[in-house]
Amino acid sequence: MKVGDLVRFDREEVSKLLADEDPHDDWKRWVGIILFIEDEGFCRVKWHDGITRQEYCDNLEVVSESR
């Protein structure tokens, strides 16, 4: 995982954290791009809604790697 990679939430990992899954929550379809790797555990992701959020790297999976 590196800056510029296209990511989404790792469905298996996040499902473990969310015991009560809301059928109207669309987190499974979120796509974002990594803007900054803060350390081994956290990164900044700009999501498709235009908002940049700090995310735990273990909760993300790479959809497409940057070159």
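## Close-up views of a predicted model

**View 1. Overall chain.** The accessible surface of the protein chain comes to about 4800 Å², and carbon and sulfur atoms hold 48% of that area. The model is predicted. Along the sequence, their order reads β-α-β-β-β-β. The chain has 67 residues, of which 24% count as buried. Among contacts with a separation of 6 or more, 49% join residues 24 or more positions apart.

**View 2. Nonpolar surface patch.** Six side chains are shown here: Leu6, Val31, Ile33, Leu35, Phe36 and Val63 form a nonpolar patch on the surface. Ile33 lies in strand β2. Its relative accessibility is 35%, so Ile33 counts as partly exposed.

View 3. Strand β3 (residues 42-47) pairs with strand β4 (residues 52-56) in the antiparallel sense. Five bridges connect the two strands. One of the bridge partners in β4 is Gln54, which faces Arg44 in the pairing. Four residues lie between β3 and β4 in the hairpin. In the turn, Gly50 has a positive phi of about 90°.

View 4. The structure holds four salt bridges. In one of them, the side chains of Glu61 and Arg8 meet at 3.5 Å, N to O. Glu61 lies in strand β5 (residues 60-64) and Arg8 in strand β1 (residues 6-9), so the pair ties together parts that are 53 residues apart in sequence. Glu61 is partly exposed at 25% relative accessibility. Arg8 is partly exposed as well, at 29%.

View 5. Side chains of opposite charge can pair when their charged atoms come close. Arg44 forms a salt bridge with Glu38, with the closest N and O atoms 2.6 Å apart. Glu38 has a relative accessible area of 29%, so it is partly exposed. For Arg44 the value is 34%, again partly exposed. Arg53 forms a salt bridge with Asp49, and here the closest N and O atoms are 3.0 Å apart. Arg53 is partly exposed at 24% relative accessibility. Asp49 is partly exposed at 39%.

**View 6. Aromatic cluster.** Ring pairs link Phe9, Trp30 and Trp47 into a cluster. Searching the whole structure gives four aromatic pairs.

Technical notes: Residues are numbered from 1 along each chain as its sequence is written. This is a predicted model: local features need pLDDT of at least 70, side-chain atom pairs count only at pLDDT 80 or more; totals for chains, interfaces and linings use all residues. Side-chain values use heavy atoms; hydrogens and water are left out. Patches are made of residues with over 30% relative accessible area and no salt bridge: like charges are joined within 9 Å, nonpolar side chains (Val, Leu, Ile, Met, Phe, Trp, Tyr) within 5 Å. Accessible areas come from the Shrake-Rupley method with a 1.4 Å probe; for residues, only the protein chains shown count as cover. Buried means under 20% relative accessible area, exposed over 50%, partly exposed in between (1.4 Å probe, protein chains only). Two strands pair if DSSP finds at least two bridges between them. Rings of Phe, Tyr and Trp (its six-membered ring) pair if their centres lie within 6.5 Å; planes under 30 degrees apart count as stacked, over 60 as edge-to-face and the rest as tilted. Contact means heavy atoms within 4.5 Å.
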